Amino acid sequence: MKVVLFCGGYGMRMRSGAADDVPKPMAMVGPRPLIWHVMRYYAHFGHTEFILCLGYGAHHIKDFFLNYEETTSNDFVLRGGRTELLSTDISDWTITFAQTGIESPIGERLRRVRHHLDGDEMFLANYADVLTDAPLPEMIDRFARRDAGASMMVVPPQSSFHCVELGEDGLVGGITAVSELPLWENGGYFVLRQEVFDHIPENGDLVADGCAQLAKQGRLVAHQHRGFWKPTDTVKERAALDAAYARGERPWAVWERDGAGVSA
């Protein structure tokens with residue numbers, strides 16, 4: 001199945017200075033940027049046709065793949081001055097680079113690459129800056145058996161804050177961690193049918209418009225995931241993932257568990 005990745009956002013909270021124009025998907029985790037980790041996840045499950053919805057800082061993403069260095073994350077032999085790779089990352093990938101506008105919301109970005117889907121009834125879509133160990137084949141199979149227009153992964157609230165119950169007299173009736181509330185957050189990792197385009201207006205949003213309308217019609221499926229899921233919206237979150245990578249704690253690197261590891 002084709003994989004549409006949204007990678008055109010500004011990522012303001014990830015920047016280290018005014019001159020830093022690197023888009024969020026290009027923030028580094030280990031020796032590779034976030035977008036590479038997301039793509040490796042999909043490729044591990046056999047989905048190697050990617051459509052990148054570019055926007056802000058698009059040249060960074062293009063340059064990364066146009067000048068891709070396989071030896072950064074693969075073992076190799078240097079013989080007679082020539083490099084012989086023992087494994088490769090992206091040799092079997094097909095990547096479409098599509099400029100979808102600087103200010104476009106995600107729904108509009110998806111609309112603008114619809115023609116690249118070749119009319120495929122089902123396809124995958126996701127943010128390019130969130131990592132997980134979720135069972136992708138299970139998500140796809142469950143959705144394929146359902147009469148629905150879209151599926152999204154949902155995760156428990158990630159906030160470390162607490163909610164406070166107040167009485168009319170101002171006394172606190174209880175304190176509950178947000179993570180313990182019976183709520184779920186959008187975690188991305190969408191499985192979609194062409195039907196979703198019927199509900200995304202021009203300059204619309206995938207979730208607020210497309211998924212919300214499908215939900216009203218009872219045609220939106222949720223896959224609940226309580227395993228590893230981490231967004232990367234801030235410098236602190238990226239640094240935490242980078243540190244975990246250095247320690248060898250990489251639950252999102254499902255490809256490593258099958259012996260196709262990435263060199264540290």
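Let's start with a charged pair: aspartate 242 forms a salt bridge with arginine 238, and their closest N and O atoms are 3.9 Å apart. Here a salt bridge is a side-chain nitrogen of Lys or Arg within 4 Å of a carboxyl oxygen of Asp or Glu. Both aspartate 242 and arginine 238 belong to helix H6 (residues 235-246), where four residues, about one turn of the helix, lie between their positions. Helices (H or I, at least four residues) and strands (E, at least two) are DSSP runs, numbered from the N terminus. Aspartate 242 counts as partly exposed because its relative accessibility is 26%. On this scale, buried means under 20% relative accessible area, exposed means over 50%, and partly exposed lies in between (1.4 Å probe, protein chains only).

A word on the model: this is a predicted structure, in which local features need pLDDT of at least 70 and side-chain atom pairs count only at pLDDT 80 or more, while totals for chains, interfaces and linings use all residues. Residues are numbered from 1 along each chain as its sequence is written, and side-chain values use heavy atoms, with hydrogens and water left out.

## Just after H6

Arginine 250 sits in the segment that follows H6. With a relative accessibility of 12%, arginine 250 counts as buried. Its side chain reaches the backbone oxygen of tyrosine 245 at 2.9 Å. This is a polar contact, a pair of N or O atoms within 3.5 Å; within protein, one must be able to donate a hydrogen and the other to accept it, and residues adjacent in sequence count only if both atoms are side-chain atoms.

## Glutamate 108 and two arginines

In total, the structure holds 15 salt bridges. In one of them, the side chain of glutamate 108 meets that of arginine 111 (2.9 Å, N to O). Glutamate 108 also meets arginine 112 in a salt bridge (2.9 Å, N to O). Arginine 111 and glutamate 108 are three residues apart in helix H3, which means about one helical turn separates them. Arginine 112 and glutamate 108 are both in H3 too, four residues apart, about one turn of the helix. An α-helix has 3.6 residues a turn, so residues three or four places apart point the same way.

How exposed are these residues? Glutamate 108 counts as buried, at 6% relative accessibility. Arginine 111 is partly exposed at 32%, and arginine 112 is partly exposed with a relative accessible area of 38%. Elsewhere, Lys2, Glu49, Asp118 and Asp120 are linked in a network of salt bridges.

## The nonpolar core

The largest nonpolar core has 70 residues, and those with the most contacts inside it are Val4, Leu5, Tyr42, Leu52 and Leu110. Helix H1 (residues 34-44) gives the largest share of this core, eight residues. A nonpolar core is a set of buried Ala, Val, Leu, Ile, Met, Phe, Trp, Tyr and Cys residues joined through side-chain atoms within 4.5 Å.

Leaving aside neighbours within four places in sequence, leucine 110 is in contact with Val4, Phe6, Phe123, Leu192, Val196, Phe197, Ile200 and Leu206. Contact means heavy atoms within 4.5 Å. Leucine 136, in helix H4 (residues 136-144), is buried with a relative accessible area of 1%. Not counting residues up to four places away in sequence, leucine 136 touches Tyr41, Tyr42, Phe45, His47 and Leu124.

## Helices with a buried side

Helix H5 (residues 206-216) has Leu206, Gly210, Cys211 and Leu214 as buried residues. They lie on the same side of H5 because they cover an arc of only 80 degrees around the axis, the arc being that of the directions from the helix axis to the C-beta atoms. The face turned away from this buried side carries the exposed residues Ala208 and Lys216. Packed against the buried residues of H5 are strand S1 (2-7), helix H3 (106-112), strand S10 (150-155), strand S14 (190-193) and strand S15 (220-224). At the start of H5, a side-chain oxygen of aspartate 205 comes to within 3.0 Å of the backbone nitrogen of valine 207. After H5 comes glycine 218, with a positive phi near 70 degrees.

Helix H2 (residues 58-66) has Ala58, Ile61, Phe64 and Phe65 as its buried residues. Their arc of only 130 degrees around the axis puts them on the same side of H2. Among the elements covering them are S1, H1 and strand S4 (49-54).
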